[in-house]
Amino acid sequence: MAIKTFLESIRDTMHDEMARDERVFVLGEDVGVTGGVFRATEGLYEKFGADRAIDTPLAELSIIGIAIGAAAVGMRPIAEIQFADFIHPAFDQIVNEAAKMRYRSNAGWECPLVIRTPYGGGVHGGLYHSQSIEAFFCHSPGLYVVAPSTPRDAKGLLLSAIRNPDPVLFLEHKKLYRSIKGEVPDGEYTIPLGRADVKRAGSDITAIAYGAMLHETLNAAEQLAREGIEVEVVDLRTLFPLDRETILTSVRKTSKVCIIHEDTKTMGLGAEVAAIISEEAFGDLDAPIRRVTGPDLPGIPFNETGEHAFLPNAEKIATALRELARY
Amino acid sequence: MINTATVANIQPATRDATLSVTREQGLELWRQMVLIRRFEERAEQAYTEGKIGGFMHLYIGEEAIAVGALAGLNPDDDVVTHYRDHGYALARDLAPNALMAELYGKATGVCKGKGGSMHFADPRKHFWGGYAIVGGHIPLAVGLAFAAQYQNQPRVAVAIFGDGATNIGMFHESLNMAKVWNVPLIILVENNQYGMGTAVQRASAVPDMITKALAYNIPAIQVDGNDVLAMREVMLNAAQNARRGEGPQFIEAHTYRWRGHSMGDPQRYRSKDEVEKMKTRDPIARFENRLLEYARATQDDFARGRAEVERVAAEAIEFAETSPFPDPAELYTDVFAPEVTNG
């Protein structure tokens with residue numbers, strides 16, 4: 001078992017899968033010679049050549065559209081959108097073409113496409129290099145949305161995503177790339193899409209998070225454990241479709257819920273998770289469901305104080321969890 | 001077939017052995033270029049010291065385009081730029097102190113620290129900013145030009161971006177509509193030969209950006225972007241044509257970016273030799289030679305000018321470092337207009 005960063009895990013997984021399956025190729029802006037702006041595709045150009053590590057023009061709509069076409073006839077494209085903030089010109093291709101391909105063709109065509117993209121704040125990226133985009137795409141059935149939080153999960157989920165016969169939006173929180181290290185099992189393994197994971201067991205409160213916020217939530221849970229409050233931390237991992245069973249099992253055990261995400265609050269993922277719990281486990285709740293999220297604002301400011309004020313962190317989460325424990 | 005007659009619609013810049021500006025104007029253009037360079041060198045230093053964070057894209061080596069282009073415009077002509085925007089903001093006379101403070105994310109920044117390097121803006125100066133989505137601002141510029149036409153105002157709008165942005169759909173849709181509606185738009189493409197780390201010939205089906213303008217029947221010209229006076233002249237001509245109702249005009253300025261795409265760029269896509277060779281075409285040094293030769297400028301003029309620029313850049317750093325960070329409550333300002341009753 002090797003210790004790898006989140007970034008290395010993703011990079012190595014692409015190396016392995018491209019070596020195993022010739023149908024797999026990567027395309028995107030500066031993914032070839034430069035090896036990607038975050039170096040996620042480093043070495044692919046040298047190892048597999050310009051035909052399989054393809055530098056594209058700055059043209060997100062076409063990057064995705066072309067990948068969809070290739071996927072429909074049996075290729076396994078991994079398209080990189082350099083920053084999630086840049087994905088919107090391709091929204092039409094993803095929502096209207098990729099997500100509907102199977103449904104509209106009586107399963108005559110598939111779309112085994114992976115779209116990898118770094119998202120999220122915390123690196124002073126400012127207005128257009130910090131956004132969370134998951135809520136837009138979780139409203140597009142036909143498309144899987146995945147957001148791993150650990151190097152181990154990143155490998156297993158990326159392998160599943162590449163081999164999955166339907167399109168997957170694979171969201172990589174850019175703050176995790178180099179800041180999070182962890183054990184990654186050697187050899188091949190997959191983690192099924194649509195399954196959440198209990199990252200920490202606890203009996204008093206269920207905290208539901210994903211991506212970078214998973215780590216802030218674990219830190220908060222650590223603080224509360226020292227105060228005698230046991231928080232169970234559920235990592236959603238796949239954002240659409242949601243793993244209702246894991247969510248509800250935990251809620252029935254603890255009876256108190258806090259949902260944490262960095263994305264803005266209104267119509268964010270937390271709203272759907274809360275609705276599922278209200279519908280299915282209302283009688284099990286001992287307290288109103290809490291949400292700790294980014295505020296409803298147009299963007300994350302560049303400056304340090306603004307970014308800090310915007311983003312949830314372990315302290316803010318711990319405060320909410322304490323209030324919930326006292327309820 | 002390319003309509004070569006269209007290409008000639010903008011008169012080429014004069015290449016004679018005189019200056020097309022007065023001595024004072026020439027020294028002012030020189031001062032602006034030197035200010036941009038020193039401002040950025042100081043910002044670069046502050047970034048490497050960890051005082052500035054995030055993503056920062058330097059304009060060093062390309063100064064003549066911003067300075068020459070804006071010298072050919074009226075102060076109320078609308079300017080919309082890409083994210084490599086420091087040079088344009090300084091050439092539009094935005095205060096160096098407020099710009100440096102913005103790089104530091106301070107409350108005294110031109111955008112109160114919300115924007116940072118890529119998003120400088122000051123609508124009072126018709127400087128609509130710094131846009132970080134490649135090509136995303138081109139339709140906005142068409143809209144600004146449309147409004148000037150609709151309101152029968154003599155303003156022109158200028159959309160500025162790099163060669164990389166000419167490959168994105170928004171560019172093509174915008175050029176087409178601008179020409180169909182014949183709006184007073186000037187498209188200024190800085191061809192610095194690389195879209196981030198991808199050389200222009202690896203990303204664009206045609207090597208000359210003007211070819212794309214001609215596809216939409218927009219008159220286009222290529223110019224040496226490291227020649228500040230040539231830049232000024234082509235912009236003067238383009239603005240005159242657009243202002244008198246001749247519709248969109250296209251300028252392709254050739255230049256070279258001395259630094260990486262952004263601060264963290266290892267530049268594997270080009271050789272050090274190439275960079276060193278291109279540095280010999282330094283727009284500032286070249287213009288100094290012309291000023292010495294044709295404008296009776298002296299080394300004393302330059303020494304005085306450099307000392308003055310040094311003082312301005314140092315003061316900007318001092319101002320930025322001693323300014324406060326914004327109050328966290330500032331996060332919630334400017335989301336919607338205040339006291340609007342919806343209904």
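1. The largest cavity is lined by residues of both chains: A:Glu29, A:Asp30, A:Thr56, A:Pro57 and A:Leu58 on one side of the list, and B:Gly164, B:Asn167, B:Gly195, B:Met196, B:Thr198 and B:Ala203 on the other. Its volume is about 60 Å³. By class, four lining residues are nonpolar, five are polar and two are charged. The model is predicted, and totals for linings and interfaces use all residues.

2. This cavity is one of a set: five cavities of 30 Å³ or more are counted by the rule used.

3. Turning to the interface, 38 residues of chain B are in contact with 33 residues of chain A. The area buried between the two chains is about 2900 Å², and carbon and sulfur atoms give 68% of that area. On the chain B side, B:Phe55, B:Arg268 and B:Leu331 lose the most area to chain A; together they make up 21% of what that side buries.

4. Two salt bridges are found across the interface of chain B and chain A. In a salt bridge between B:Arg202 and A:Asp55, the N to O distance is 2.8 Å. Polar contacts between chain B and chain A come to eight residue pairs, with both residues at pLDDT 80 or more.

5. Which helices of chain B each supply at least two residues of the side that touches chain A? They are α5 (96-103) and α8 (200-203). By class, the side of chain B that touches chain A holds 20 nonpolar, 13 polar and five charged residues.

Conventions. Residues are numbered from 1 along each chain as its sequence is written. Chains are lettered from A and ligands numbered from 1 in the order in which they are written. This is a predicted model: local features need pLDDT of at least 70, side-chain atom pairs count only at pLDDT 80 or more; totals for chains, interfaces and linings use all residues. Side-chain values use heavy atoms; hydrogens and water are left out. Contact means heavy atoms within 4.5 Å. Buried area is the accessible area (1.4 Å probe) that two parts lose on being put together, summed over both. A salt bridge is a side-chain nitrogen of Lys or Arg within 4 Å of a carboxyl oxygen of Asp or Glu. A polar contact is a pair of N or O atoms within 3.5 Å; within protein, one must be able to donate a hydrogen and the other to accept it, and residues adjacent in sequence count only if both atoms are side-chain atoms. Helices (H or I, at least four residues) and strands (E, at least two) are DSSP runs, numbered from the N terminus. Ala, Val, Leu, Ile, Met, Phe, Trp, Tyr, Cys and Pro count as nonpolar, Asp, Glu, Lys and Arg as charged, and the others, Gly among them, as polar. On a 1 Å grid over the protein atoms alone, a cavity is a set of points where a 1.4 Å probe fits but cannot get out, and a pocket is an open set with protein on both sides within 12 Å along at least five of seven lines; lining residues have an atom within 4 Å of a point. Grid points are joined across faces, edges and corners, and a volume is the space filled by probe spheres set on the points.
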